[in-house]
Each structure stands twice: as C-alpha cells, then as structure tokens.
Amino acid sequence: MYVACLAAYNNGVLYGRWIDANQDPYDIWNEVSTMLLASPIEDAEEWAIHDHDGFEGAPISEYECFEEVSQKAALISEHGALAGKLLDHFSDFEEAREALSDRYAGEYECLADFARELTEETAVPIPENVAFYIDYECMARDLEISDVLTVETRCDQVHVFWAH
C-alpha cells in the first residue's frame, strides 16, 4: 500500500512510501513513522493510504487502521482472490474469515455440479432410469436463492459457501 504524508501532500509535495501490508500492524506503523520522520515537511504527523495493490478487490479505506489492513493482507495472502472477493462482499473481516473457515463447500465448474454432488452424497441411491430426469440446474437456482453464496474467481470456476 502507498502511505502518503499529508503534511507534504497539503503543501503540494508528493511524498510517501510503498509499504508491505502483509506484516504485523506494529511493523507497518514503524515504517509509516519512519516515513513521516523523513518527510520534507517538519513535524509531519498525519498519513493516509493513497493507493494499494494486491488486495484482490478488497476495499481499503484512506484511513483504515493498520490492524485491519494487516488482517486483510494476511487473509488474502493465504486464500488469494477468493478472500479479496469475500472481503468485498461482506465488508466485514470476521464474516469473510468465518465464511472461509466454516462455510466453504468447495469449488465447482458450475453450481449445478454442486447440486449434483450434494444430491448424490445425501440422497438415497437414485435409479439410473430416474437420474436422467433430475434437473440440477433448477436445483442450483433454488440453492442460490437462499441456501448458498457463490463467488467466481475465474470464468470457469465457482466457489460455493453455505449461507448461515
């Protein structure tokens, strides 16, 4: 993330530093403090996050606390684009983390594949002459209405999460 010195910015000087967000919040603060001490404007104290990269679509506000930035970066480092999309969807770190740890059902080519697998794993054995008539697309639509959340990270894959 790019953290800018606001004293310099307000005086027409672009000054700041790119800082790795995937580290302890205290270490982020130390890097920001070091940047502010070296500012071309004396007694600089205020900062703002003016840019960020690698957060996979997760929102980062201009004045987001370093603890939250660090948590988001760690989750994205561990789970990639999927974590970024969940952070964007929920707008709450704990909800996104809980979805990944407790409600993740798997990755499928389409939601109908999930419906098929769910049916095959939980239903009584389906006779071959009946299986042809099961509409997994319709089941998938019904699941998506209230039972599952789907997140696409690539055009050919969908991640499925159980709703609460």
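This is a predicted model: local features need pLDDT of at least 70, side-chain atom pairs count only at pLDDT 80 or more; totals for chains, interfaces and linings use all residues.
**View 1. Open sheet with the strand order β2-β1-β3.** Three strands make up this sheet, and their pairing is antiparallel. The edge positions are held by β2 (16–18) and β3 (47–51); each has a single partner strand, so one side of each is left without a neighbour in the sheet. On average, neighbouring strands are turned by 25 degrees against each other, direction ignored.

**View 2. Pairing of β1 with β3, and helix α2.** Strand β1, residues 2–5, is joined to β3 by four bridges in the antiparallel sense. Within this pair, valine 3 lies opposite isoleucine 49 of β3. Helix α2, formed by residues 25–37, packs on the sheet and touches β1, β2 and β3. The direction of helix α2 makes about 35 degrees with that of β1.

**View 3. Open sheet with the strand order β4-β6-β5.** This sheet consists of three strands with antiparallel pairing. Strands β4 (104–108) and β5 (148–154) stand at the edges; because each has a single partner strand, one side of each is left without a neighbour in the sheet.

**View 4. Pairing of β4 with β6, and helix α6.** Strand β6 spans residues 157–162 and runs antiparallel to β4, to which four bridges join it. Tyrosine 104 has phenylalanine 161 in β6 as its bridge partner. Helix α6, residues 111–122, packs on the sheet, in contact with β4, β5 and β6. Between the direction of helix α6 and that of β6 the angle is about 50 degrees.

Technical notes. Residues are numbered from 1 along each chain as its sequence is written. Side-chain values use heavy atoms; hydrogens and water are left out. Two strands pair if DSSP finds at least two bridges between them. Helices (H or I, at least four residues) and strands (E, at least two) are DSSP runs, numbered from the N terminus. Axes are lines fitted to C-alpha atoms, for helices over the stretch in contact, and angles run from 0 to 180 degrees between N-to-C directions. Contact means heavy atoms within 4.5 Å.
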